[in-house]
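Let's take a walk through this model together. Have the sequence and the 3D view open side by side as you read.

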Amino acid sequence: MFATYGPMFMMLGVAAVVASLFWLGASTLGKKNPTADKMKPFECGSESSGGRHVKLSVKFYLTAILFVVFDIESVFIYPWAVRFRALGWTGMAEMFSFLAVIVVALVYVWRKGALEWES
């Protein structure tokens, strides 16, 4: 069992050690000069406005859904295209049902106005 899972756990261990060393090095060797301006909260490089309890706009969530939907679509379509002939008609039907769900999601965000550019 170690021969199967050992390399994976070794890789995770090495990654944890390297991440810990980088974090330790940055926290101990890095310059620390906290000023009043550096300690202020900011949002995207500008002053934040409003309270923390204010909910984000629905547009934010729709944009996130749109990104996830098309990211998943591209991830699943490529392997399907590579194995297209081996999957046969069953693979074709499954891909069409998957694409139907993607199209429904696209129509949803389109109707909600997530694709509108605002200045």
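What follows goes from the helices to a surface patch and then to the aromatic pairs.

Keep in mind that this is a predicted model, where local features need pLDDT of at least 70, side-chain atom pairs count only at pLDDT 80 or more, and totals for chains, interfaces and linings use all residues. Residues are numbered from 1 along each chain as its sequence is written, and side-chain values use heavy atoms, with hydrogens and water left out.

Start with helix 1, which covers residues 2–29. Helices here are DSSP runs of H or I with at least four residues, numbered from the N terminus. The expected span of a helix is 1.5 Å times one less than its number of residues.

Y5 sits in helix 1 and is partly exposed at 41%. Along with M1, M8, F9, M11 and L12, Y5 makes a nonpolar surface patch of about 720 Å². Patch members have over 30% relative accessible area and no salt bridge, with like charges joined within 9 Å and nonpolar side chains (Val, Leu, Ile, Met, Phe, Trp, Tyr) within 5 Å. A salt bridge would be a side-chain nitrogen of Lys or Arg within 4 Å of a carboxyl oxygen of Asp or Glu.

Now for helix 3: how does its span look? A straight helix of 29 residues would span 42 Å, but helix 3 spans only 34 Å between its end C-alpha atoms. Look at T90, where helix 3 bends by about 75 degrees; the bend is the angle between axes fitted to the seven residues ending there and the seven starting there. Buried residues in helix 3 include G91 and M92. Just after helix 3, G113 takes a positive phi of about 90 degrees.

Finally, the rings. Those of Phe, Tyr and Trp (its six-membered ring) pair if their centres lie within 6.5 Å, with planes under 30 degrees apart stacked, over 60 edge-to-face and the rest tilted. By that rule there are two aromatic pairs. F76 and F98 have ring centres 5.7 Å apart and planes at 85 degrees, so they are edge-to-face. F76 lies in helix 2 (residues 58–82) and F98 in helix 3 (residues 84–112), so this pair ties together parts 22 residues apart in sequence. W80 and F84 have centres 5.3 Å apart and planes at 75 degrees, so that pair is edge-to-face.

Notes: Helices (H or I, at least four residues) and strands (E, at least two) are DSSP runs, numbered from the N terminus. Buried means under 20% relative accessible area, exposed over 50%, partly exposed in between (1.4 Å probe, protein chains only). Accessible areas come from the Shrake-Rupley method with a 1.4 Å probe; for residues, only the protein chains shown count as cover.
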